[in-house]
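This report looks at one helix and its surroundings, then at a pair of packed helices. Please keep the structure in view while reading.

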Amino acid sequence: MMDDVLPAGAISRKLTQLSGLVARYADPEYSVAHGGRVQTIAAGHYTVSGLSRHVRLGEFVAHRSTTGIHLGEVVRVEPDLVYVCPIEPGEPIGIHDTVIRKGAFRVAPDESWCGRTINALGEPIDGRGPLAPGTVRRSISNTAPPSMTRRRVQDGFRTGVKAIDLFSPLCLGQRLGIFAGSGVGKSTLLSMLARADAFDKVVIALVGERGREVREFIEDTLGDNMAKSIAVVATSDESPMLRKMAPLCAVTIAEHFRDQGDDVLLIVDSVTRFAHAIREVAVASGEPPVARGYPASVFTELPRLLERAGPGPEGTGTVTAIISILVDGDNHNDPIADSTRGILDGHIVLDRSLAEEGRYPPINPLASISRLARKAWTADQEKLVSRLKSLIHRFEETRDLRLIGGYRPGTDADLDMAIKQVPIIYEVLKQTPDGKPCADAFADLASALKAAAGLPPSPMQQAPRQRG
């Protein structure tokens, strides 16, 4: 009997192994690996047998091929087959290759990620070495906090863009859309907003961007602000799965810093290319289109992404989201623009005709709305902005009449004032991307109007509820 007694060192090793197994099986993220085999291969997806009972829609699987292990997302589940969309384009897939369930895709953000550029998988692409993982792994498919637990939006902040700070001011935790056609200046305006000083962290998702613009945006536009920024990049030549995952990865990183108490600026350029990526994946899996080529899953995924931004629960920070929307053919009522406008807390409209006139940023102050503007304005500023919009409206609606000589000065006092002041307002609103951010747009406007009237300048009192 004595020969069967294990030495003390062996007993200690056995107990260590046992405790490790207990901890592993007690981990809620742990699941027994289930495998299947590739059955059919198509252009945008492949099917797997043997996994239907073990996977859920949206989970990830790992495909073992001759070149290594490659990830894919489950996009459709049938009784005998699972449809998988591969993450990487051109992945070598063979019939009867092994496919293993991996579960939800997770990232582990960390403070050390600031200043880094990563891809949609949370991997560094800036050549500066590996990323240090954080202590908490988060699923990129998280849901928004319950509505009744979220803090209310209260504090305004200055963006440094005069047209926005005057006519459509923003608040911490707000979600704003920038709507424009191609080539009008969405990315340029986003680069100006990224320099706002009101935020502790900035997370930027560049979705479907031109590859040559990535370094320009990071190195030239962000500059010193890159030290507190994280860029998530999926360029236009990457797979639709990566373009779909990039905004999800970015908002997950923003949520991590928000839960630590930081005020985070989330920029997504653009949500339209995110919708295009979802459409490509959905159509490849056999989902029928329902609205101008877009399947129903697009209109399910958009609010799930956008609702994750905003104020967090009590004791946490905020995620202020600025989202660009590419309106196809300058049609502001196309399905993606119309759906997104109903979800967001305001929209900035960039007008191609203003860009053609040389007015940058080409923001249309009459068509742009911030639903939380009253929380950022003082009572006097709200009255002033209402009056300014009235003058601009009178100026624009009588443009054709004045061009043909059909108006006589002195017959309409409001129009006379509009003719004198609106060109000055337009001149004040002009800004260049490389110019210095405006510290107080109301003071600049007051100085310009008084100078035009020959009065001594006296800067207006700054808004007490705005910060930055």
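Arg212, Arg215 and Asp220 are exposed, on the face of helix H4 turned away from its buried side. Exposed means over 50% relative accessible area, buried under 20%, and partly exposed in between (1.4 Å probe, protein chains only). The buried residues of H4 are Glu213, Val214, Phe217, Ile218 and Leu222. Seen down the helix axis, these buried residues fall within an arc of 130°, so they line one face of H4. The arc is taken from the directions from the helix axis to the C-beta atoms. An α-helix has 3.6 residues a turn, so residues three or four places apart point the same way.

This is a predicted model: local features need pLDDT of at least 70, side-chain atom pairs count only at pLDDT 80 or more, and totals for chains, interfaces and linings use all residues. Residues are numbered from 1 along each chain as its sequence is written, and side-chain values use heavy atoms, with hydrogens and water left out.

## Length and cover of H4

H4 covers residues 211-222. Helices (H or I, at least four residues) and strands (E, at least two) are DSSP runs, numbered from the N terminus. The 12 residues of H4 should span 16 Å at 1.5 Å a residue, and its end C-alpha atoms are 17 Å apart, which agrees. The expected span is 1.5 Å times one less than the number of residues. Just after H4, Gly223 takes a positive phi of about 55°.

What covers the buried residues of H4? The cover includes strand E8 (117-119), helix H3 (186-193), strand E13 (201-209) and strand E14 (229-235). Thr117 lies in E8. Thr117 counts as buried because its relative accessibility is 9%. Leaving aside residues up to four places away in sequence, Thr117 touches Ile218, among others including Glu123, Met226 and Val233. Contact means heavy atoms within 4.5 Å.

## H10 against H12

The axes of helix H10 (residues 379-397) and helix H12 (residues 413-429) come within 8 Å and cross at roughly 100°. H10 is therefore roughly perpendicular to H12, a class that runs from 65 to 115 degrees. The contact includes Leu388, Leu391 and Phe395 of H10, and Met417, Ile425 and Tyr426 of H12. By class, the contact has 12 nonpolar, 1 polar and 4 charged residues. Nonpolar means Ala, Val, Leu, Ile, Met, Phe, Trp, Tyr, Cys and Pro; charged means Asp, Glu, Lys and Arg; the others, Gly among them, are polar.

## The whole chain

The chain has 13 helices and 22 strands. Of its 468 residues, 50% count as buried.

Technical notes
Axes are lines fitted to C-alpha atoms, for helices over the stretch in contact, and angles run from 0 to 180 degrees between N-to-C directions. Angles under 35 degrees count as roughly parallel, over 145 as roughly antiparallel, 65 to 115 as roughly perpendicular and the rest as oblique.
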